[in-house]
4 protein chains.
Amino acid sequence: MKALVYGGPGKKALEERPKPEIEENSDAVVRILKTTICGTDLHILKGDVPTCKPGRILGHEGVGIVDKVGSAVTALKPGDRVLISCITSCGKCEYCKKGMYSHCTTGGWILGNKINGTQAEYVRIPHADTSLYKIPAGADEEALVMLSDILPTGFECGVLNGKIQPGNSVAIVGSGPIGLAALLTAKFYSPASVIMVDFDDNRLKTAMRFGATATVNAGKGDAAATIMAMTEGRGVDTAIEAVGIPASFELCQEIIAPGGVIANIGVHGVKTDLHLEKLWDRNISITTRLVDTVTTPMLLKTVQAKTLDPKQLITHRFTLDKIMDAYETFGHAADTHALKVIISAE
Amino acid sequence: MKALVYGGPGKKALEERPKPEIEENSDAVVRILKTTICGTDLHILKGDVPTCKPGRILGHEGVGIVDKVGSAVTALKPGDRVLISCITSCGKCEYCKKGMYSHCTTGGWILGNKINGTQAEYVRIPHADTSLYKIPAGADEEALVMLSDILPTGFECGVLNGKIQPGNSVAIVGSGPIGLAALLTAKFYSPASVIMVDFDDNRLKTAMRFGATATVNAGKGDAAATIMAMTEGRGVDTAIEAVGIPASFELCQEIIAPGGVIANIGVHGVKTDLHLEKLWDRNISITTRLVDTVTTPMLLKTVQAKTLDPKQLITHRFTLDKIMDAYETFGHAADTHALKVIISAE
Amino acid sequence: MKALVYGGPGKKALEERPKPEIEENSDAVVRILKTTICGTDLHILKGDVPTCKPGRILGHEGVGIVDKVGSAVTALKPGDRVLISCITSCGKCEYCKKGMYSHCTTGGWILGNKINGTQAEYVRIPHADTSLYKIPAGADEEALVMLSDILPTGFECGVLNGKIQPGNSVAIVGSGPIGLAALLTAKFYSPASVIMVDFDDNRLKTAMRFGATATVNAGKGDAAATIMAMTEGRGVDTAIEAVGIPASFELCQEIIAPGGVIANIGVHGVKTDLHLEKLWDRNISITTRLVDTVTTPMLLKTVQAKTLDPKQLITHRFTLDKIMDAYETFGHAADTHALKVIISAE
Amino acid sequence: MKALVYGGPGKKALEERPKPEIEENSDAVVRILKTTICGTDLHILKGDVPTCKPGRILGHEGVGIVDKVGSAVTALKPGDRVLISCITSCGKCEYCKKGMYSHCTTGGWILGNKINGTQAEYVRIPHADTSLYKIPAGADEEALVMLSDILPTGFECGVLNGKIQPGNSVAIVGSGPIGLAALLTAKFYSPASVIMVDFDDNRLKTAMRFGATATVNAGKGDAAATIMAMTEGRGVDTAIEAVGIPASFELCQEIIAPGGVIANIGVHGVKTDLHLEKLWDRNISITTRLVDTVTTPMLLKTVQAKTLDPKQLITHRFTLDKIMDAYETFGHAADTHALKVIISAE
């Protein structure tokens, strides 16, 4: 089968690989219908993710059709159309029982990282019963690819951890796909304002179209001062960090209101300063989280109910044999204005 | 001044009364700009509220302008435009400190009940600093009259107690003004479905206009069976009782899903059956509440942010000298299709 | 093997039965070391549990040693010492994912009810990985039998649902094993007072020994008035119903403070009155729950840490061949002062 | 009257000052019976608290008798015995209504900081109704001095923010009076383990006496490694920082388990490193808080119920005319083994 294979820092290729087989009796093999590329895949290609070894098939998102199941799989059968979660969950360990699938002792983020992933014709999914979700009849499968990772990430790490409430003020620092996913799901709770921050005016324009109430270009003037002015000097109730660098986390610390929450989504490569000398008496919380995908069933319901439209995040479409072009497009988002790219089997 | 005075069961009149004075140093006297009539006022007129004695000026809702303040009032001054809360809160007692203003030991629901109310040219408001809310500049004052009672009641007793979440299913039994207020504020949390129940097709039509996803006329066929079918036999996650009679509370028990919440708003005059023989192992909650108006600041923000449009609830307008007509219109809602009626000073 | 078999209303016998085998690949067969008798077993023998058919081996509690496992079992192996949960959980269905194991679509309370139970030499446990708990080395296995049902039931249905907090007042209506289990776990949260109610002075004496701060014999004088006096007319913050009859649920309604919670544990056979005419404006909650055993890992930790001593609940000990005597002793608790009886394999 | 007056960095003196008078009608003047010295007083004396100007009477803790009240005070009268909260709360502003008294727009921590404090014969208390608590009859007034600041601080900032639960593991970094106050109130929730960390063996010995389950001397060996070993490599569910320096906050980051909470109590003078490169995917929370004293009524109940014994924290006693000696003793705690010192009027 065709598969996009990581070849070490800076290297990737569309290669021919053997079709995966059932290895454990809780596995399923899934034929991929649609997959996508994540910012994390670009991190891997930079060599920033040491757990991902050369030779690995990339990708941790997608929808497909169950091809085979192991003997312990009871909730799925060949032919079922399924959403693949980026997080593999055994459903049995201490962490899974607490809803912290991200820390599953035999799962977590392993797809396209520690085991082969979804940017291929087929993928093997461990713990299939608890890591795949049946797609409701009549659902838009392309839209559901957004539920593999980006929407639960924005929702769980940003919106739920950020405790967004009706009438509250929110700032989302970073208006890339993850920041926009946080924006779309922040609207579930009817905040009074959502201020989007980025350096890219095109992304800020997209943010307004997605429901932001204001935008701040962090490259033009003092973003912190602008946001403090917008909130009458009070700051925001929730600040969501959706970039992953010290500067954006610093901005969150400058604009958080007393009693507020800084919800980190960004993947950070270096430490940052924490201004406890200013924040120790401000009654704030700071949260971190690797997405657990524990809200996938809830998000599926919101898509079915049309209170969430994930399709807005899709800007480009390719077939698997053109996946190198898809990477090119996604990797140059500033020029191509790409958010999420869909890669179809055919 | 002119005032609508309760004269005992079945009797009311627009009378001339002395303008109220400051009695305690935490009082304010407010000149009423706009008030309205509540279902509870009709209860009083039926003689169902023994704490309300003949001679009482009715009304516990309204907006106005502060006319005088006592010496202990620090947050308000004459000339301030204010929203009058239906609940009087001292801000000092054990209950107020816990946010249970409804049980304030020297307040609670006293306006138009144990002391003179707002259906008059002026009203005395005890504990003014903590029972009045400054109106933001530029706000639509007519709309804000809906925040005195009906919207916090629907929101606190129905929506918050009912723990409505994105993607969940909701049924609201009773589509009068209170049920509709619950509907409007339920939408804050993006439920997948809100099924409105009533006997009156006109109210159900209004409910659809306000954002219900389905309606059930309880007078036509088996409402419980219909709702169970709508939810694939599962029942609803939240059932809100907004009538106040045993039959509607029974319906809630029949349609509640395992793990769900029955949130009672209705004012009940008699006991009801609780089917513990069916519900003991269903992991449900039942909640009761007299509105605390603790969410008034939050609701004010949602109105300012235009995520809530209270004005939809207003169907008729009168001046104070026509308040007897206003009662007539409001009291015959089935014919007049009245929801809330606004009574203006002039 | 020997097994205690239900023979229809009023009938039970210790019989010879074939040893159970693995039926599904997620099953385990467990050799029973110790089991016990539950009040629910007496309900079955009265004919009150129609899902339990004649011929069924009774019992849903116990500790044992894993004898065999199916091919899908990964967390356990023969020889492991395990605690058997009274609730069978698949770990995969919508309810299990929400921590509502009691409503597992292929589990729930099935042991000794819909399938053969633990009052035998061996038992087959479906969904073994998620329904059995490994016993920590050095644990007192007899004490852990109390964690199969009674302690999680008192804790989840009574204490957690009842939202017991430091400094709060609690009444537990019913001082049988379940009420006492609620008492023991209520102490986790350092309430200021726990008032135990019963008709049996011996049980109330036991309750004092277990840490109650006061007792009320409901057969002597007006229990509601006594408790209201004890709480200076305020009522209790949490009232736990641990009997299962209308009278005790009525008492809870009479003594609940504004803002309080009535947490029902009792198994009710008939409906009860709900005094909404008094409670509609009291800001209370009423909760029901079939134990989920979702707190079993937490309870295991408290036993290991010696913050919970379950052994206090054990009053009598028998071997399996004397289980008919054990039923006799447990069934006449008023005379024998039995709380929980341990039945050992040998 | 006699009063301990701050004279600028390094300077203090017991001076004669005029007795305070009612200035606002919500004020009370309280005759001090007992007060104490806080670590924060030492900070002021180092010159670290710029809001506290030379000439200020120090002290923000104490119990006393109401001497005079302003005309707006309704909950108190001369002769009432009261606990003085370290936090002044108006009960009316946005923050007070949310229970965030620490950020009261006309209060917060002002006593002995922005206005004269309690280390004197009399003190003026603004917003008296909502900043003083009536002492229950028969209470041990000396013990209640611990409820002015230290116990609510340990409880709110450490224990409540730290979400301590039955069976959980806790580490408290810093075993001074605040860390010990956190320990005493952590026990409310029956954690399985509380590991106390300090450099002073005497304080660690005290911690064991107060109920710690283990201690770690941070000066002997690798504290992080020791705690990780104690928790089988998992880390602690709650890490409480009770020192206020980067090193202790770093330790908390090293020992926090996935899903855990770092609850900061310490007053920090400089920024610290936040290791987001390690923590971004660990699902942790970090909280900060200036005590709100919103739990003072709850703590009063626990003292009355004898589930909390604050008196254990008192090691030395002085009269007001010997307050300079009291400072000497408290300021050299390593030698004197002082925890809290009581200063009595006579």
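Axes here are lines fitted to C-alpha atoms, for helices over the stretch in contact, and angles run from 0 to 180 degrees between N-to-C directions. With that in hand, helix α5 (residues 150-160) and helix α6 (residues 177-186) of chain B pack at about 70°, their axes 8 Å apart. The model is predicted.

**Helices α5 and α6 in chain B**

- Angles of 65 to 115 degrees count as roughly perpendicular. α5(B) and α6(B) are therefore roughly perpendicular to each other.
- The crossing of α5(B) and α6(B) is right-handed.
- From α5(B), the contact uses B:Ile150, B:Leu151, B:Thr153, B:Gly154, B:Phe155 and B:Val159.
- From α6(B), the contact uses B:Pro177, B:Ile178, B:Ala181, B:Ala182, B:Leu184, B:Thr185 and B:Ala186.
- By class, the contact of α5(B) with α6(B) has 10 nonpolar, three polar and no charged residues.

**Helices α5 and α6 in chain A**

- In chain A, the axes of helix α5 (residues 150-160) and helix α6 (residues 177-186) come within 8 Å and cross at roughly 70°.
- α5(A) and α6(A) are therefore roughly perpendicular to each other.
- Their crossing, that of α5(A) and α6(A), is right-handed.
- α5(A) brings A:Ile150, A:Leu151, A:Thr153, A:Gly154, A:Phe155 and A:Val159 to the contact.
- α6(A) brings A:Pro177, A:Ile178, A:Ala181, A:Ala182, A:Thr185 and A:Ala186.
- The residues of the contact of α5(A) with α6(A) divide into nine nonpolar, three polar and no charged.

**Helices α1 and α12 in chain D**

- The axes of helix α1 (residues 39-46) and helix α12 (residues 323-331) of chain D come within 11 Å and cross at roughly 100°.
- α1(D) and α12(D) are therefore roughly perpendicular to each other.
- D:Gly39, D:Asp41, D:Leu42 and D:Leu45 of α1(D) meet D:Tyr327, D:Phe330 and D:Gly331 of α12(D).
- The contact of α1(D) with α12(D) divides into four nonpolar residues, two polar and one charged.

**Chains B and D**

**Chains D and A**

- Chain D can be laid on chain A by a turn of 180° and a shift of 0.0 Å along the axis, with an RMSD of 0.0 Å.
- 100% of the interface residues of chain D are also interface residues in chain A, so the copies meet through the same surface.
- Chain D gives 36 residues to the contact, and chain A gives 36 residues.
- The size of an interface is often given as the accessible area lost when the parts come together.
- Chain D and chain A bury about 3,200 Å² between them, with 56% of it on carbon and sulfur atoms.
- In chain D, D:Trp280, D:Asn283 and D:Thr288 lose the most area to chain A; together they make up 22% of what that side buries.

Notes
Residues numbered from 1 in each chain as written. Chains lettered and ligands numbered in written order. Predicted model: local features only at pLDDT ≥ 70, side-chain atom pairs only at ≥ 80, totals over all residues. Heavy atoms only, no water. Helix = DSSP H or I, 4+ residues; strand = E, 2+ residues; numbered from the N terminus. Parallel < 35°, antiparallel > 145°, perpendicular 65-115°, else oblique. Left-handed = near helix turned anticlockwise from the far one by under 90°. Contact = heavy atoms within 4.5 Å. Nonpolar A, V, L, I, M, F, W, Y, C, P; charged D, E, K, R; others polar. Least-squares fit on C-alpha atoms with pLDDT ≥ 70 in both. Buried area = accessible area lost by both parts, 1.4 Å probe.
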